[in-house]
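Here is a note to read beside the model, written as numbered points for someone new to looking at structures. Please keep the sequence and the 3D view open while going through them.

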Amino acid sequence: MNDNDKKVLIVDDSHISRNWTRLALEKYGYNVRMAEEPEIGDLLNSFAPDLVLMDVEIRSKDGSEAVARLKRSALGARTRIYLYSAKPESELRALAADSNADGYICKPDSMDTLAAKVASIIEN
(Lines give C-alpha, C1' and ligand atoms only; values in the text may rest on other atoms or scores of the structure.)
Protein backbone atom coordinates (compact mmCIF):
# COMPACT_ATOMS: atom_id res chain seq x y z
CA MET A 1 0.00 0.00 0.00
CA ASN A 2 1.54 3.35 -0.95
CA ASP A 3 1.03 6.39 1.25
CA ASN A 4 -1.72 7.85 -0.96
CA ASP A 5 -3.77 4.72 -0.30
CA LYS A 6 -3.70 5.43 3.44
CA LYS A 7 -6.77 7.45 4.35
CA VAL A 8 -7.28 9.56 7.46
CA LEU A 9 -10.45 11.41 8.45
CA ILE A 10 -9.94 14.36 10.81
CA VAL A 11 -12.98 15.43 12.86
CA ASP A 12 -12.32 18.73 14.63
CA ASP A 13 -14.30 21.95 14.84
CA SER A 14 -11.15 24.08 15.10
CA HIS A 15 -10.19 25.31 11.64
CA ILE A 16 -6.59 25.84 12.77
CA SER A 17 -6.20 22.40 14.32
CA ARG A 18 -7.95 20.65 11.44
CA ASN A 19 -5.75 22.32 8.83
CA TRP A 20 -2.51 21.84 10.80
CA THR A 21 -3.31 18.14 11.13
CA ARG A 22 -4.23 17.89 7.44
CA LEU A 23 -0.97 19.57 6.38
CA ALA A 24 1.06 17.34 8.69
CA LEU A 25 -0.43 14.17 7.25
CA GLU A 26 -0.51 15.28 3.61
CA LYS A 27 3.19 16.15 3.93
CA TYR A 28 3.75 12.42 4.47
CA GLY A 29 1.50 11.37 1.61
CA TYR A 30 -1.75 10.53 3.43
CA ASN A 31 -5.08 11.01 1.70
CA VAL A 32 -6.94 13.25 4.15
CA ARG A 33 -10.54 14.37 4.50
CA MET A 34 -11.88 16.70 7.16
CA ALA A 35 -15.17 17.17 9.00
CA GLU A 36 -16.29 19.77 11.52
CA GLU A 37 -19.07 17.72 13.11
CA PRO A 38 -18.93 14.28 14.74
CA GLU A 39 -21.83 12.89 12.65
CA ILE A 40 -19.58 11.19 10.09
CA GLY A 41 -21.47 8.02 9.17
CA ASP A 42 -21.77 9.01 5.50
CA LEU A 43 -18.06 9.85 5.31
CA LEU A 44 -17.12 6.53 6.90
CA ASN A 45 -19.09 4.82 4.15
CA SER A 46 -17.95 6.92 1.16
CA PHE A 47 -14.33 7.64 2.14
CA ALA A 48 -13.61 4.41 4.07
CA PRO A 49 -10.74 5.82 6.15
CA ASP A 50 -8.01 3.65 7.65
CA LEU A 51 -8.11 5.93 10.69
CA VAL A 52 -10.42 8.56 12.17
CA LEU A 53 -8.95 11.22 14.46
CA MET A 54 -11.87 12.55 16.55
CA ASP A 55 -11.40 15.68 18.63
CA VAL A 56 -12.86 15.34 22.11
CA GLU A 57 -14.49 18.77 22.36
CA ILE A 58 -16.46 19.65 19.25
CA ARG A 59 -18.52 22.77 19.87
CA SER A 60 -21.29 21.78 22.23
CA LYS A 61 -20.88 18.09 21.43
CA ASP A 62 -18.69 15.49 23.03
CA GLY A 63 -16.40 13.66 20.62
CA SER A 64 -16.02 10.72 22.97
CA GLU A 65 -19.82 10.27 23.03
CA ALA A 66 -19.83 10.38 19.22
CA VAL A 67 -17.14 7.69 19.16
CA ALA A 68 -19.19 5.50 21.50
CA ARG A 69 -22.23 5.85 19.19
CA LEU A 70 -20.13 5.12 16.09
CA LYS A 71 -18.50 2.07 17.66
CA ARG A 72 -21.95 0.55 18.28
CA SER A 73 -22.64 0.64 14.52
CA ALA A 74 -21.38 -2.05 12.14
CA LEU A 75 -19.39 0.46 10.07
CA GLY A 76 -17.91 2.20 13.10
CA ALA A 77 -16.96 -1.10 14.67
CA ARG A 78 -14.83 -1.90 11.59
CA THR A 79 -13.12 1.52 11.58
CA ARG A 80 -10.17 2.52 13.75
CA ILE A 81 -11.30 5.62 15.65
CA TYR A 82 -8.87 7.44 17.91
CA LEU A 83 -9.61 10.33 20.21
CA TYR A 84 -7.38 13.28 19.31
CA SER A 85 -7.03 16.08 21.83
CA ALA A 86 -4.79 18.46 23.72
CA LYS A 87 -6.29 17.20 27.00
CA PRO A 88 -3.88 15.66 29.52
CA GLU A 89 -2.90 12.10 28.55
CA SER A 90 -4.43 10.53 31.67
CA GLU A 91 -7.81 12.15 30.95
CA LEU A 92 -7.64 11.23 27.27
CA ARG A 93 -6.76 7.62 28.09
CA ALA A 94 -9.81 7.35 30.38
CA LEU A 95 -12.11 8.94 27.78
CA ALA A 96 -10.83 6.54 25.12
CA ALA A 97 -11.53 3.54 27.36
CA ASP A 98 -14.99 4.82 28.31
CA SER A 99 -15.99 5.54 24.69
CA ASN A 100 -14.67 2.25 23.29
CA ALA A 101 -12.28 4.20 21.03
CA ASP A 102 -9.44 2.17 19.56
CA GLY A 103 -6.96 4.50 21.24
CA TYR A 104 -5.95 8.12 21.61
CA ILE A 105 -3.36 10.57 20.36
CA CYS A 106 -2.42 13.67 22.30
CA LYS A 107 -2.16 16.60 19.89
CA PRO A 108 1.59 16.89 19.34
CA ASP A 109 3.79 19.92 18.78
CA SER A 110 5.49 18.34 15.77
CA MET A 111 4.17 17.25 12.38
CA ASP A 112 6.81 14.51 12.36
CA THR A 113 5.57 13.15 15.69
CA LEU A 114 1.97 13.06 14.49
CA ALA A 115 2.88 11.37 11.21
CA ALA A 116 4.95 8.74 13.04
CA LYS A 117 2.08 7.95 15.43
CA VAL A 118 -0.43 7.69 12.58
CA ALA A 119 1.91 5.45 10.57
CA SER A 120 2.36 3.17 13.56
CA ILE A 121 -1.42 2.84 14.02
CA ILE A 122 -2.23 2.22 10.37
CA GLU A 123 0.60 -0.25 9.82
CA ASN A 124 -0.34 -2.40 12.84
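**Notes on the predicted model**

1. Lys 87 is buried, its relative accessible area being 17%, where buried means under 20% relative accessible area, exposed means over 50%, and partly exposed covers what falls in between, with a 1.4 Å probe and protein chains only. Lys 87 sits in the loop that joins β6 and α5; helices (H or I, at least four residues) and strands (E, at least two) are DSSP runs, numbered from the N terminus. Setting aside neighbours within four places in sequence, Lys 87 is in contact with Val 56, Glu 57, Leu 95 and Cys 106, and contact means heavy atoms within 4.5 Å. Lys 87 and Lys 107 are separated by 20 residues in sequence and, from C-alpha to C-alpha, by 8.2 Å in space.

2. A word on the basis of these values: this is a predicted model, in which local features need pLDDT of at least 70 and side-chain atom pairs count only at pLDDT 80 or more, while totals for chains, interfaces and linings use all residues. Residues are numbered from 1 along each chain as its sequence is written, and side-chain values use heavy atoms, with hydrogens and water left out.

3. The protein chain contains six helices and seven strands, and these follow one another along the sequence in the pattern β-α-β-α-β-β-β-α-α-β-α-β-α. The chain is as compact as a globular protein of 124 residues, because its radius of gyration is 13 Å, close to the 14 Å given by the globule rule; the radius is taken over C-alpha atoms, and the rule is 2.2 Å times the number of residues to the power 0.38. Along its principal axes the C-alpha trace spans about 30 × 30 × 25 Å.

4. Of the 124 residues in the protein chain, 47% are buried. Among contacts with a separation of 6 or more, 59% are between residues 24 or more positions apart.

5. Which residues touch the most other members of the largest nonpolar core? Within this core of 19 residues they are Leu 9, Val 11, Ile 40, Val 52, Met 54 and Leu 83, a nonpolar core being a set of buried Ala, Val, Leu, Ile, Met, Phe, Trp, Tyr and Cys residues joined through side-chain atoms within 4.5 Å. At least two residues of this core come from each of β1 (7-11), α2 (41-47), β3 (51-55), α3 (63-71), β6 (81-85) and α5 (89-99). Another core, of 16 residues, lies apart from it and includes Val 8, Leu 51, Tyr 82 and Ile 122. In soluble globular proteins, nonpolar side chains tend to be buried together.

6. α3 is mostly covered, with seven of its nine residues buried, namely Gly 63, Ser 64, Ala 66, Val 67, Ala 68, Leu 70 and Lys 71. These buried residues pack against α2, β3, β5 (61-62), α4 (74-77), β6 and α5.

7. Two backbone angles deserve a look. Ala 48, in the loop between α2 and β3, has a phi near 50°, a positive value in a residue other than glycine, and at 44% relative accessibility Ala 48 counts as partly exposed. Asn 100, in the loop between α5 and β7 (103-106), is not a glycine either, yet its phi is positive at about 70°, and at 52% relative accessibility Asn 100 counts as exposed. Most residues other than glycine have a negative phi.
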